[in-house]
Amino acid sequence: MTTSNWRFTLIIGGMLIATVFIWILASQSISSTQMAVDSRVDPPLQDPIPHIKEQHLPVLSLEIPNDELPKQQEQTILMTPLAAETNATLTPTATPFATVKDSVYSKASITAQISIPVLNYHSVTVQPGNTAAITPAKLEEQMQYLADHGYKTLTLNEFIDIWEGREKPKAKAILLTFDDGYKDNYTAALPILAKHNFRATMFISPGMVEDGYFLNWEEIKEMHKGGWDIQPHGMTHQNLTQLNTEKQTFEITEARRQIEKELGIPADVYCYPFGERNQTTLHILKEHGFRYAFTIDQGMANPDQNPFLIHRLFVNGEAGLNSFKALLK
């Protein structure tokens, strides 16, 4: 290679190296500029969605006049029985009604339109704030109203005879029912009803008898002799829809067995604890020869209803006499 060619090669190589070096510097400068622009225009977000903690708002307590309590409230409150008087706080609870088909049991064939109010009571005591408890004074006021206006309280057999068409419905016929078998039914309700020569039906859970807060068998027998019908309300007052078939059967049949043993009477009319039942419950009742069952579904009782789904009217212990009168219409 000549000296001129060698020089030419060095010049060309140097130019190539310089070009590459300039290109690298230019690329780095552009990248830095772009990063700066990006960070300026769109800074990275940190935790863009705030974590919201659950807040429990205070419940406002509204005082409603006795005769202006919402009708829906009167229709959905139940009694939760308790095990001991010393720890007792009667707690009304809203419970949804189970949906049960009517096909399990045929309806009575009655041509005449019959509509009977079946009143649903629980405890008879002074307990402000508990709509499932009625004071003796208010119960006396209600019974006096029934007496003054010619109402006829029915025995359970009289109710069934009317339901099945063997007896004509009496004018202003009414059935009084008391759930759970509280001791105050004996100490307070029994003498009030006796004063007016009124009859009533009491649904008890034998598994809670003798515990001090509920009636004992001697008191139950005395009430039965005084004109009260006694029928089963489950053995231990459990929500039947939460039990399997075997346990449901025990709750229903053992309650009946003990009442029949202690009182020597048929105990084939049932009352659902908390008003809850399902299709299994109805099949058990039919299989074991029960004739009727009472719910807490609100409304007048009439023979168009399934005999295992008879309606009642909840008596709100905190409502006034006008509300009581409205129930009977």
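Author: A nonpolar core is a set of buried Ala, Val, Leu, Ile, Met, Phe, Trp, Tyr and Cys residues joined through side-chain atoms within 4.5 Å, where buried means under 20% relative accessible area with a 1.4 Å probe, protein chains only. This is a predicted model, in which local features need pLDDT of at least 70, side-chain atom pairs count only at pLDDT 80 or more, and totals for chains, interfaces and linings use all residues. Residues are numbered from 1 along each chain as its sequence is written, and side-chain values use heavy atoms, leaving out hydrogens and water.

Reader: Which residues have the most contacts inside the largest nonpolar core?
Author: They are Tyr121, Leu146, Leu176, Phe178, Leu193 and Trp228, in a core of 38 residues. Helix 5 (residues 183-195) gives the most to this core, with 5 residues. Another core, of 18 residues, lies apart from it and includes Leu154 and Trp163.

Reader: What makes helix 6 and helix 7 roughly perpendicular to each other?
Author: Their axes, lines fitted to C-alpha atoms over the stretch in contact, cross at roughly 70 degrees and come within 11 Å. Angles of 65 to 115 degrees count as roughly perpendicular, and helix 6 and helix 7 are therefore described that way.

Reader: Which residues of helix 6 and helix 7 make the contact?
Author: With contact meaning heavy atoms within 4.5 Å, helix 6 brings Trp217, Ile220 and Lys221, while helix 7 brings Gln258, Ile259, Glu262 and Leu263.

Reader: How many residues does the protein have, and what percentage count as buried?
Author: Of its 329 residues, 45% count as buried.

Definitions and conventions:
Axes are lines fitted to C-alpha atoms, for helices over the stretch in contact, and angles run from 0 to 180 degrees between N-to-C directions. Helices (H or I, at least four residues) and strands (E, at least two) are DSSP runs, numbered from the N terminus. Angles under 35 degrees count as roughly parallel, over 145 as roughly antiparallel, 65 to 115 as roughly perpendicular and the rest as oblique. Buried means under 20% relative accessible area, exposed over 50%, partly exposed in between (1.4 Å probe, protein chains only).
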